[in-house]
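Please examine the structure shown below.

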Amino acid sequence: MYDWLAAIARWLEVHVISLPIYFAAPAMIVIGALDSSLLSLPEINDYLVVGRCFRHPSAVFYFPLFAATGSVIGCAILYTIVRRGGQAVLRKRFPLQSIQRVEHAYERFGFFAIAIPAILPPPLPFKIFVATAGALEYPRWKFLLTVMIARSFRYYVEGILAVFYGRRVLLFLKDNGLMIVSIVGALVLVGGIVYLIVNRRRRTLAPATDGASGGERSDAIDEAQHDAVDEAQRDAVDEA
């Protein structure tokens, strides 16, 4: 069923990797934009980055940025479409149960709900997080900046590893994707628990601090009133 898609992916891989940079760069941006918006080319961006950096090690300094830029453009397109269409468009494309889980992730973890899926490779889906961000009207600039940083981190790590270990990097990511998702999910959960504990302690200490500062302000007012009475009494004695 997906033989034609695999054939296109292989064709793109061969030609983008072998093209001069002034052709490969815009091609990478276009492919990344299409993959993150309207089409679905699983792992093709990762293969292209790894293949290019493996064949041309100096490309590791700049080629991941082209892939990240294309991904940001594609995410911006999908984000805008769903934001204008609202929940109706979101529910037509994704199951309601999955949407509810993603919305809960946004409520609990904020920008981490975008950053973590953007960094992790498949099988973790990412488009549903992008679409939900649009439906929830997540701040656009914060959304795009998070995707750019997360995708750049992902592609740069893959590019650097490709220089040293070649295409075995992709095989590892593909074979151990679930394990990576589980580890990162556990770390996010621990971070969320720590964040909640710290916030709870701050809220507990805040009333005590406010009470202390309120007492200091009350003492200062009383002292000022006392000084004013003494001064008034002195003025009355002088007049007498």
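L120 is found in the loop that runs between helix α7 (112-119) and helix α8 (127-135). In this model, which is predicted, L120 has a relative accessible area of 5%. Because that value is under the 20% cut-off, L120 counts as buried. L120 also illustrates how the fold brings separate segments together: A150 is 30 residues away from L120 in sequence, and the C-alpha atoms of the two lie 9.1 Å apart in space.

The nonpolar interior may be considered next. In soluble globular proteins, nonpolar side chains tend to be buried together. Here the largest nonpolar core comprises 26 residues, and the members with the most contacts inside it are L90, Y106, I114, F126, V130, F143 and V147. At least two residues of this core come from each of α4, α6 (96-109), α7, α8 and α9 (140-165). Helix α8 provides the largest share, namely six residues.

With neighbours within four places in sequence set aside, I114 is in contact with Y106, F126, Y138, F143, T146 and V147.

Confidence should be kept in view when the model is read. The protein chain has a mean pLDDT of 76, with 66% of its residues reaching 70 or more. Among the elements of the chain, helix α4 (residues 63-85) has the highest mean pLDDT, 91, whereas helix α11 (residues 177-239) has the lowest, 60.

Notes: Residues numbered from 1 in each chain as written. Predicted model: local features only at pLDDT ≥ 70, side-chain atom pairs only at ≥ 80, totals over all residues. Heavy atoms only, no water. Helix = DSSP H or I, 4+ residues; strand = E, 2+ residues; numbered from the N terminus. Buried < 20%, exposed > 50% of the residue type's maximum accessible area, 1.4 Å probe, protein only. pLDDT = per-residue confidence, 0-100. Core = buried A, V, L, I, M, F, W, Y, C linked by side-chain atoms within 4.5 Å. Contact = heavy atoms within 4.5 Å.
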